[in-house]
Amino acid sequence: MSESARNQARELPDSPGCYLMKNKEGTVIYVGKAKNLKRRVSSYFLPNRNAKTAALVEKIDTIDFVITGNEYEALILENNLIKKYNPHYNILLKDGKSYPVIRITKEKFPRIFKTRRVIKDGSQYFGPYPDGMKLDTYLKLVGDNYPLRLCSGPLKERKTPCLYYHIHKCSGPCIGAVSEKDYGVYVKEVRDFLSGDDSSMIKQVEREMQKSAKELDFETAARKRDQLQALTVMQKNQMVEDFTTDSRDYVAIEMRSYLCTISIMQFRSGRLIGKALYRAECLGDETETLFSFLVQYYSDGDTLPQEIFVSCDIDTELLAKYFNEELRSPVYITVPKDGKHYRILRMAAENASRDVEKRLRDVDNTPSLEALQKELGLEDIPRHIEGFDIAQLSGKYTVASLIVFRDGNPSNKEYRHFSIKSLEGKIDDFQSMREAVGRRYQRLLNEGAEMPDLLMVDGGKGQVSAALDSLSALGLDFPVVGLAKEHEEIVFPGDRESLLLDHSDPGLRVLIAVRDECHRFATSFNQRMRSRDASFSLLESIDGIGPERSKRIMQKYGSVEAILSLSPDELAKGASIPKNVAERVIHKLSF
């Protein structure tokens, strides 16, 4: 980062607009919007910024800006600038994101084809279809069995037909070779199948498959089998006719260091029709990254869902205004705090979290670990680091999280959580730390397992001293440090002075990654405990479900999500409850 970039930030106007950060080569590496350009851009250069921002800000050489009339205009401009420059540290959609649909055009002689765009011109749509290969197989089958026109655009009269007519792939409406009524019969059969009203095509292909198998024509039988599978999937997944009927998307973001993954789950007519992950290396925080993603994801003409549920507090009013005014689609956007939508969003977040963790494991952190060894004065490279954090809610659900990093990357299978038992309702982070550390390393001693090269606790002198108390009681001696969040201050035991490193220091970034993962893991477990209690209460509010039955159901299935995946018959049999009670449970949990 050049000093001139910092000075440029101070000189920006107190106006809404967009800013473009460039590296020494003049390449735009990040684009952002702001209500107040000076205040927003200057925040990147504050001394207490996080390590991710500090590391990436080092790449900034110059800052350009464009003033707009208001924040809404800045949003529109930001989206256009991102598309123009493709900045490395903005969230960018590089994958085909939307699921295809089948369109039956509203014409005298309709066309039937795959598309990712929905045009409100009276055409009929079916889908979306997450399995594109089976959709292609189905459309080929339609082409083989129905001579529908394949030309694009409005039908034009011709004196001579095209090649498709001569090879019997088209009935020739352009030359008057087929009547509108007879052509309509073909379209109706395809429409009836897509609507789930007709299974004749499935039965026909099934007969052909069995016939080929009897004749030992296994190649044809295998092809017919694939067609049958495609047809079955197609009919099973019919959704459409009206995209606005119970259409919901759940979008969750997870960030670790500069790595970002966004998970989206799409529900249509009450069914999950697909999910996808989008990856990026981002400079922005979760809020601005998710906001930018949503603008890009929905701004290319695809039909918006009726509702979007997101995992962090974005400016929902501004985003809804954009969808309403630019895309003419009113959308309800919110951050659910509990209930069914919260539980589904949590599943999306779990998908994103696992993906980020996998990406982190692929990173070689040896240079960062060597830097940390030097800064802390350790005898060995800290290849095995363990971290603790405490989470509680007003003294209830107090839990400690233990996370393990090996070679600078998370080792999720070794994570543990501890429900704190010694507090009796009191709030005492120090005692919680003593208990968790004591239980962890007493068990490692009993098992003869290896001890960590470094123990890091989230907090200051008090937490470090509490951890040392438990280690000393067990006769253990290995390095312990704390990380105080306000200034990312590394705290040592005893009289050794705390250490303040530059936020871009690679060693410090390892400790911050450990601390952040500790906090995430502790908080997520705390939320699961609250959710479990809420699930018991929700079940017991249903007529016919008391404490004993709710306990039996939760022991059997573990979560509301698992229960919702069952049919009433399956729930009744698995939980040993009457079918009418199971039906009430499924109904209540679904709304």
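I started with Leu 283, which comes out buried at a relative accessible area of 3% (buried is under 20%, exposed over 50%, partly exposed in between, with a 1.4 Å probe and protein chains only). This is a predicted model, where local features need pLDDT of at least 70 and side-chain atom pairs count only at pLDDT 80 or more, while totals for chains, interfaces and linings use all residues. Residues are numbered from 1 along each chain as its sequence is written, and side-chain values use heavy atoms, with hydrogens and water left out.

I placed Leu 283 in the loop between β9 (271-281) and α10 (286-298); helices (H or I, at least four residues) and strands (E, at least two) are DSSP runs numbered from the N terminus.

Next, aromatics: I found 17 pairs (Phe, Tyr or six-membered Trp rings with centres within 6.5 Å; planes under 30 degrees apart are stacked, over 60 edge-to-face, the rest tilted). I looked up Tyr 19 and Tyr 44: their ring centres are 5.9 Å apart and the planes meet at 65 degrees, so I logged the pair as edge-to-face. Tyr 19 is in strand β1 (residues 17-22) and Tyr 44 in the loop between α2 (37-42) and α3 (51-57), so the pair ties together parts 25 residues apart in sequence. Both tyrosines, Tyr 19 and Tyr 44, are buried.

I also noted one aromatic cluster made of Tyr 278, Phe 293, Tyr 297, Tyr 298, Tyr 322 and Phe 323.

Last, charges over rings (NZ of Lys or CZ of Arg within 6 Å of the ring centre and within 35 degrees of the ring normal). The charged end of Lys 33 sits over Phe 291, 4.3 Å from the ring centre. Arg 496 lies over the face of Phe 492, at 3.6 Å from the centre of that ring.
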